[in-house]
Amino acid sequence: MAGIGIRLNHIFEKKSIAMHLVGFTYSAVITVAPMFVVIGAILVSQILLHYSDVGFYERELFADTVLYIFIFSLLSASPFNAVLSKYLSDTIFEERFEDIMPCFNLGMALNVVFGSCIAIPFCIHEYFVGQVPLYYVFTGYCGFMALLLVFYCMLYLSITKDYGKISLFYTIGMVCTVLLSLLNYYILHMPLTYSILLALVTGFWITASLEIASVQSYFRTNSRKYKEVWSYFRKYWQLILVNFLYTLGLYIHNFVWWTTPRHMIIAKSFVTMMPYDMATCLAMFTNISATIIFIARIEMNFHERYRAYSEAIIGGRGHDIRTAKARMFMSLSDELVTLVRIQFAISVVVFLLCIIFLPRMGFGGTTMEMYNCPAAGYFVLFLMYSEILFLYYYDDNNGALLTAFLFCLGTFLGTLWAIHLPDIWAGIGTFIGSLLGLITAYIRLQWIEKHLDPFTFCRGDLIKNGHGRKPSGKVFDRSLEERV
């Protein structure tokens, strides 16, 4: 994401309050704007169509359908996207642009097949057991597949540094969503919740279509080398588990709460625990600015130090390499400390505002009581994810895998404990898992700093790998005269 850093540096060079606001806004647009655009489109549609007048069952069926579409599309896409991103980065670095379309086609096929294996059994259960109308079930399935493709294509637009187009495509799709919801309800006289659902699904398909067309406009040639893409799944299998375990850890605490007697079941298919689900959603928004801050600072500061070190090890003097290494890790430490300091101040302010104003807006009782621990947990969680990205910088896939595994396991076990505690401790599992992952990643980064030289210079093979007899370990013979 070096393109972000270049543009942000140009913005912040002017060193004025106005330009700092512009830089922060630009960072927000390229990172979290798509999520807020989708939420905004749903809320606007609900307000315009008087969603509050709808019966409880219809409202919950719509809300649960949208919730499941988002959660399980992210989960089903997570095993593939990290490996595909690695392949894309290597391909672009080696300027083998004709090999990108095989990756795109194969990745899309994997996402569609794997996603269908998850969605179709659920849809069958929803129709036959839950007695949900077939048209409603099919629309939900189409929304799941559309959002799966949206998330997948975002990967390629990020590689091409078209972050602005991602936000633009989301905006176009969600504007169409609002307009279509009005058309469906007032002109076509569809049921209110189905009008919004169908419009939302159509908006997702519009966004996905625009993204696919944009990717194909960038990469027009196809080498059809699919075997090389498959080889990356075998070579970088850790990335499959890292991304999946991290994504699973984001929601596994919700899944545990869904098994408690306090859960709610809609249409004998959708299981939720709404007070806790809402509390975790609010906690995520409390700390979402960490993503903006981290991307802005890492692109402006750390990336330059990392590039300086990379250039130093290619023909540089030993003194230059050591100096670049010291500056790089000093920058890494500074960025983590700065992120903690700034995000802590922001989270405290947002937390206080939520405590004061949300009860007046109808968010009270159990939801606000459960909000405290998840707010602290997501604060640590975003810091942990920042460290995982630093581990990716140093190609430490084993360290990233250990971090993600302990995060997911700690969150799961901590939540199993939390469901037996008072509601104020409801999110302690997220905090425990995130803290465990944060400490693990930090220790791993310290290990990398101490062992970076052998980690960098002593990797690779002098002799090509193959089958057969192992070559002799003898390098040369010394003559008798040399020994004397």
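First, the basis. The model is predicted, and local features need pLDDT of at least 70, side-chain atom pairs count only at pLDDT 80 or more, and totals for chains, interfaces and linings use all residues. Residues are numbered from 1 along each chain as its sequence is written, and side-chain values use heavy atoms, with hydrogens and water left out.

Let me begin with the whole chain. It holds 19 helices and two strands; these are DSSP runs, helices being H or I with at least four residues and strands E with at least two, numbered from the N terminus. The chain has 484 residues, and 48% of them count as buried. Buried here is under 20% relative accessible area, exposed is over 50%, and partly exposed is in between, with a 1.4 Å probe and protein chains only. The chain exposes about 24400 Å², of which carbon and sulfur atoms supply 67%. Those areas come from the Shrake-Rupley method with a 1.4 Å probe, and for residues only the protein chains shown count as cover. Of the contacts with a separation of 6 or more, 80% are between residues 24 or more positions apart. A contact means heavy atoms within 4.5 Å.

Now the helix pairs. Two packed helices are described by the angle between their axes and the distance between the axes. Axes are lines fitted to C-alpha atoms, for helices over the stretch in contact, and angles run from 0 to 180 degrees between N-to-C directions. Angles under 35 degrees count as roughly parallel, over 145 as roughly antiparallel, 65 to 115 as roughly perpendicular, and the rest as oblique.

Take helix H4, residues 56–93, and helix H8, residues 192–218: they pack at about 15°, with axes 9 Å apart. H4 is therefore roughly parallel to H8. Their crossing is right-handed; that term applies if the near helix is turned clockwise from the far one by less than a right angle, and left-handed if anticlockwise. On the H4 side the contact involves Glu58, Arg59, Phe62, Thr65, Val66 and Phe70, and on the H8 side Thr193, Ile196, Leu197, Leu200 and Phe204. Sorted by type, the residues of this contact are seven nonpolar, two polar and two charged. For that sorting, Ala, Val, Leu, Ile, Met, Phe, Trp, Tyr, Cys and Pro count as nonpolar, Asp, Glu, Lys and Arg as charged, and the others, Gly among them, as polar.

Two residues of H4 deserve a look. Tyr68 lies in this helix and is buried, at 10% relative accessibility. Beyond four places in sequence, Tyr68 touches Ser73, Phe122, Trp258, Ser269, Phe270, Val271 and Thr272. Its C-alpha is 9.2 Å from that of Gly140, although Tyr68 and Gly140 are 72 residues apart in sequence. Thr91 is also in H4, and it is buried with a relative accessible area of 0%. Apart from neighbours within four places, Thr91 contacts Arg96, Phe97, Asp99 and Ile100.

Next, helix H15, residues 372–393. Helix H10, residues 237–258, packs with H15 at about 175°, the axes being 13 Å apart. That makes H10 and H15 roughly antiparallel. Leu239, Val242, Tyr246, Leu250 and His253 in H10 meet a set in H15 that includes Tyr378, Leu381 and Met384.

Within H16 sits Ala404, which is buried at 0% relative accessibility. Setting aside neighbours within four places, Ala404 contacts Val242, Leu245 and Tyr246. The C-alpha atoms of Ala404 and Leu436 are 9.6 Å apart, at 32 residues along the chain.

Last, the loop between strand S1 (264–266) and strand S2 (270–272), where Ala267 lies. Ala267 is not a glycine, yet has a positive phi of about 55°. Lys268, in the loop between S1 and S2, likewise has a positive phi of about 55° without being a glycine. Which of the two terms, buried or exposed, applies to Ala267? Ala267 is buried, at 9% relative accessible area, whereas Lys268 counts as exposed at 61%.
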